[in-house]
Amino acid sequence: MTENDKKTDVTKANRRKFLTSSAVIGTSVVGAIACKNEETTAPPTGPALPTAAPAAHGAAASVEPGKLDDYYGFWSGGQSGEIRILGLPSMRELKRIPVFNRDAATGWGATDHSKELLGGRNSGDTHHVHLSYTDGTYDGRYVFVNDKASARLARVDIETMEVDAITSIPNSQGTHGIFPQRHKTGLVFCNAEFRTPQVNDGRDMEDPTKYAAMHTAIDGETMEVKWQVMVEGNMDLAATDYKGLYSFATCYNSEGATDLEGMMASERDHLYVFNLAKIDAAVKAGKTITVGDSKVPVVDARGKDSEFVMRVPIPKSPHGVNVDPTGRYAVCAGKLSPTVSVVDIDKLADAFAGKIKPRDCVVAEPEVGLGPLHTAYDGRGNAYTSIFIDSVVTKWNIAKAIEAFKSPDKKIDPILQKIDVHYQIGHINASMSETKDADGKWLIALCKFSKDRFLNVGPLHPENDQLIDISGDEMKLVHDGPTFPEPHDAVIVTKDKIHPKKIQPRTIERFKLYDKWAKEDGVDLQKDNKVIRNGKNVRVYITSLAPKFGTGEFKVKAGDTVQVIVSNQDNVEDLSHGFCVCGHDVNFLVNAQDTNSMTFVAEKPGVYWYYCPWFCHALHLEMRGRMIVEA
Ligand code: K7E
Ligand code: CUA
């Protein structure tokens with residue numbers, strides 16, 4: 001037994017207690033990750049861990065070739081800055097939607113339109129994907145995703161599965177938890193995880209007591225920032241109720257520290273509860289401030305509980321907050337406490353009115369394991385919490401947990417099952433779990449480490465997204481899904497909610513750009529192949545129809561800024577072309593009936609072939625032409 005193993009054993013014996021600061025830094029987290037055998041041994045408490053299901057159970061997850069999946073899975077892509085679409089239960093990856101990243105395959109980040117949306121940035125850190133709602137369930141209109149790196153919120157239009165808006169959030173850093181309202185496509189709430197000086201212009205840098213963080217409301221329809229609430233602590237994950245009354249944010253640094261030890265000092269942090277009607281009234285009445293250059297109205301709610309914000313005490317450095325499908329309970333995962341705290345949303349009004357204490361809204365606090373992070377639901381009254389350090393998923397019953405909290409003497413055990421996951425699970429989600437239509441079929445466990453589960457591919461291992469069958473009484477592991485780093489979160493949506501177009505609609509916002517240029521130049525995008533010169537700026541309009549471009553050559557002059565605008569005349573499903581110019585870093589996708597454009601400088605005289613990089617026809621290789629750059 002190594003020194004680390006011994007320490008891990010000591011920690012396991014103490015797992016009923018809160019983690020001490022030194023344990024988290026020194027042994028628990030590191031020990032659990034370093035010791036490969038740790039995850040397969042049963043913890044000393046709770047029921048025995050069933051092992052992964054034998055292959056026979058995998059039948060439910062296999063989808064025959066040519067057959068379609070039952071669910072869409074929307075995955076964030078973490079450091080890749082993208083969103084991914086998977087089919088479930090097969091776990092086949094269907095698509096990647098570039099969002100904050102530069103994507104060579106589609107040209108995203110370099111095309112004129114995407115460049116404008118991204119404002120010159122080419123990277124991002126997506127953690128949380130959520131779809132727009134109507135009446136407590138997905139309405140199939142939009143996907144929202146955060147950028148933690150640059151405090152942005154992006155929206156994907158489900159009709160085209162393409163980003164149609166990106167909003168920058170003022171006075172925020174580390175935009176992390178986001179969640180849309182669920183009664184309608186209303187506000188999307190975005191939490192700033194990192195506290196900063198407000199205004200962050202060089203003042204108050206050495207005085208962290210003056211740092212603050214913004215809870216931001218963005219209109220899901222217009223993508224405008226409507227208002228912000230300034231609080232003293234940092235905010236982690238976000239959630240909303242089902243009625244449009246509240247938004248929620250977990251806070252793990254109520255201490256207001258800037259270093260790790262300081263952030264873990266308190267036994268309890270809290271859940272911020274934002275009272276939306278009161279905030280709205282204050283904004284309308286102009287009882288707001290502005291911060292720095294931003295014009296966005298800010299409600300200053302720092303310090304004490306008020307009509308705007310209440311702080312429900314939660315042990316200890318809570319991470320996830322997830323509202324159950326009935327809309328009654330917000331479950332906060334303790335992270336450094338082995339508990340989850342169940343907050344009764346129906347009691348919040350009394351707490352705001354001062355009739356009860358905020359902590360009285362906590363109606364259960366079951367011990368679920370070491371390092372609880374996120375919770376999903378099956379719609380049958382059960383909750384599934386991801387347990388990072390133990391590397392398990394804990395299934396527990398909400399009603400039983402409430403009963404156990406009420407009558408501790410009766411020794412009711414709300415824990416139903418723990419299942420090993422491989423390894424160090426972060427997010428967890430279940431089919432339709434974040435809607436009133438939670439159907440309790442599939443659970444996805446997004447594991448941060450795969451270690452020995454896949455072929456060795458060098459120092460950077462894949463993540464491991466595991467599919468678990470939750471349709472029966474017992475959870476059964478049915479599939480290991482390696483993913484490229486690092487999807488944090490995923491939502492699983494029944495396929496009847498999602499209806500993208502198969503041919504590009506030429507009516508979307510992006511086309512206003514091309515239509516404007518075409519009008520200026522007197523060009524018909526879908527017919528004309530023309531070179532329009534305006535000083536040193538040259539617009540080149542080109543059509544494509546398999547297997548030819550509308551023109552086999554065009555001429556420009558060395559030093560010209562060239563904008564190529566390609567319109568695909570093909571009206572056949574799946575018939576995409578692209579446009580690539582040799583040696584010019586120009587390469588973009590043009591789907592059936594789509595138009596796309598990119599701008600570059602033609603620096604040196606010579607002949608440069610342009611070609612279609614997407615295999616479109618038997619004569620695809622012949623689909624090319626010459627850019628002639630004259631001296
Ligand atoms: Cu738990 Cu960014 Cu959602 Cu990662 S966060 S795990
Ligand atoms: Cu068009 Cu290949």
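The structure is a predicted model, in which local features need pLDDT of at least 70 and side-chain atom pairs count only at pLDDT 80 or more, whereas totals for chains, interfaces and linings use all residues. Residues are numbered from 1 along each chain as its sequence is written, ligands are numbered from 1 in the order in which they are written, and side-chain values use heavy atoms, with hydrogens and water left out.

**Exercise 1. Cysteines**

Step 1. Buried means under 20% relative accessible area, exposed over 50%, and partly exposed in between (1.4 Å probe, protein chains only). Cys 251, at 0% relative accessibility, is therefore buried. Cys 447 has a relative accessible area of 2% and is buried.

**Exercise 2. The surroundings of ligand 1**

State which residues surround ligand 1, and sort them by class.

Step 1. A residue is counted as near the ligand if one of its heavy atoms lies within 4 Å of it. Ligand 1 is surrounded by His 127, His 128, His 176, His 319, His 374, His 427 and His 488, together with Leu 237, Gly 426 and Lys 448.

Step 2. Ala, Val, Leu, Ile, Met, Phe, Trp, Tyr, Cys and Pro count as nonpolar, Asp, Glu, Lys and Arg as charged, and the others, Gly among them, as polar. The shell accordingly holds one nonpolar, eight polar and one charged residues.

**Exercise 3. Two residues and their contacts**

Locate Ser 80 and Val 363, and list their contacts beyond four places in sequence.

Step 1. Strands (E, at least two residues) are DSSP runs, numbered from the N terminus. Ser 80 belongs to the loop between β1 (71-76) and β2 (82-88), while Val 363 lies in strand β21 (residues 362-364).

Step 2. Ser 80 is buried, at a relative accessible area of 16%; Val 363 is buried at 13%.

Step 3. Contact means heavy atoms within 4.5 Å. With neighbours within four places in sequence set aside, Ser 80 touches Asn 101, Gly 124 and Pro 485. On that basis Val 363 is in contact with Tyr 329, Val 342, Asp 344, Lys 347, Ile 402 and Phe 405.

Step 4. The C-alpha atom of Val 363 is 10.0 Å from that of Ile 398, a residue 35 places away along the chain.

**Exercise 4. Backbone geometry**

Identify the cis peptide bonds at Lys 316 and Glu 486, and describe the positive phi angles of Asp 135 and Gln 424.

Step 1. Pro 315 and Lys 316 are joined by a cis peptide bond with omega of about -25°. Lys 316 is located in the loop between β17 (309-315) and β18 (321-323).

Step 2. The bond from Pro 485 to Glu 486 is cis, with omega near -25°. Glu 486 occupies the loop between β29 (476-483) and β30 (490-494).

Step 3. Asp 135, although not a glycine, has a positive phi of about 50°. Its loop runs between β4 (129-134) and β5 (137-147), and Asp 135 is exposed at 53% relative accessibility.

Step 4. Gln 424, although not a glycine, has a positive phi of about 55°. Gln 424 sits in the loop between β25 (415-420) and β26 (425-430) and is buried at 0% relative accessibility.

Note on methods:
Helix = DSSP H or I, 4+ residues; strand = E, 2+ residues; numbered from the N terminus.
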